[in-house]
Amino acid sequence: MKKITLALGGGGTKGFAHIGVIQQLETFGFEPSAIAGTSAGGLVGALYASGYSSTEIGSFANSLNYSKLFTRAANDLPSLLGLGGLYELLKKYLGDMTFADTKIPFAVTAVDRNSGIEYIINTGKLTDAVKATTAVPGIFPPFILGKKTLVDGGVLNPVPVSIARWLKYDVPVLAVSLTAPPEKWSSLPKYEVPSFVPVPHFVIEQLSQLRLSKAVESFVDSLELMVNQIAWLRLKEEKPDVLINPSIYKYSMIDDINVNEAIELGKNSVIEKFDDISKAYSISNKLGRWIRASKPPAKLLDLSAPTLNE
């Protein structure tokens with residue numbers, strides 16, 4: 001099988017499309033040999049890098065109970081939703097595994113909300129890394145490490161192409177962006193209270209008219225636009241060998257998405273770009289990858305030694 005490096009972008013529940021991307025790549029004879037992930041991409045990447053097959057990850061996604069997934073813990077910092085259910089599943093599937101235990105090179109991104117510094121996380125416990133990279137500001141609680149307040153890496157790096165290239169620069173980098181292309185921004189879906197929230201519909205309708213609800217709606221919609229803008233600016237600058245853009249942007253980041261539909265959209269996006277992926281192995285593209293080889297594009301953060309990172 002031909003080796004390929006993946007840069008898996010963030011997008012909340014839209015991240016199920018990453019599973020389909022990996023499954024279709026494998027069907028075509030391409031093997032992920034390194035993964036850099038942000039947010040949802042970090043979650044899927046952690047499971048795959050730790051040894052779970054793409055089929056097993058698909059089964060994991062289909063087993064999720066949305067009503068339990070977003071529960072809050074007593075010590076959570078202020079946020080719209082919690083990730084208590086996800087944390088329990090991470091404990092079950094990843095246990096105490098560290099980055100040293102992964103089958104392939106793997107890294108996630110996170111941002112320190114206090115300093116604004118972007119970090120690459122590729123040491124320490126995988127569960128902690130996923131908690132940090134999935135902490136969407138305002139929506140999910142941040143991850144505290146010493147004096148750092150870590151949030152979703154998508155704040156600065158929604159699709160970590162440069163990190164994927166740093167992990168393994170000698171094979172093509174395939175970037176998977178779950179954000180809408182610029183021509184679709186005017187028709188992006190608006191935030192709605194997710195269907196999995198255990199509150200009667202008539203109550204939701206009443207709550208949605210309150211000032212606080214309107215403020216949350218405005219925040220989530222604005223966050224989606226901001227992430228889209230940053231993603232496409234960085235993609236234009238960092239130039240992945242191949243860009244995959246599943247047509248899943250009709251959903252918002254916390255929609256109750258049909259997992260199988262998302263997986264199919266991921267598969268279709270790879271099928272559409274098969275020729276581009278094949279061309280990425282040309283001699284000229286290979287030379288370009290050697291030229292672009294670089295040092296870490298952001299600061300490294302060791303989750304296992306917080307006092308050394310202050």
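Guide: Helices here are DSSP runs of H or I with at least four residues, and strands are runs of E with at least two, numbered from the N terminus. By that rule, the protein chain has twelve helices and nine strands.
Guide: The model is predicted, with pLDDT of at least 70 needed for local features and 80 or more for side-chain atom pairs, while totals for chains, interfaces and linings use all residues. Residues are numbered from 1 along each chain as its sequence is written, and side-chain values use heavy atoms, without hydrogens and water.

Visitor: Why does Thr38 count as buried?
Guide: Buried means under 20% relative accessible area (exposed is over 50%, partly exposed in between; 1.4 Å probe, protein chains only). Thr38 has 0% relative accessibility, so Thr38 is buried. Buried residues make up 54% of the 310 residues in the chain.

Visitor: Where does Thr38 lie, and what is Thr38 in contact with?
Guide: Thr38 sits in the loop between strand 2 (30-37) and helix 2 (40-49). Contact means heavy atoms within 4.5 Å. Beyond its neighbours within four places in sequence, the partners of Thr38 include Leu8, Thr109, Asp152 and Pro160.

Visitor: How many residues line the second largest pocket, and which lie nearest its centre?
Guide: The lining has 19 residues, with Asn75, Asp76, Tyr87, Lys131 and Phe143 nearest the centre. Helix 5 (84-94), helix 6 (126-133) and strand 5 (143-145) each give two or more residues. Helix 5 gives the most, five.

Visitor: What makes the lining divide as it does into nonpolar, polar and charged?
Guide: Ala, Val, Leu, Ile, Met, Phe, Trp, Tyr, Cys and Pro count as nonpolar, Asp, Glu, Lys and Arg as charged, and the others, Gly among them, as polar. The lining therefore splits into seven nonpolar, six polar and six charged residues.

How values were computed:
1 Å grid on protein atoms, 1.4 Å probe; cavity = no way out; pocket = protein on both sides within 12 Å on 5 of 7 lines; lining within 4 Å.
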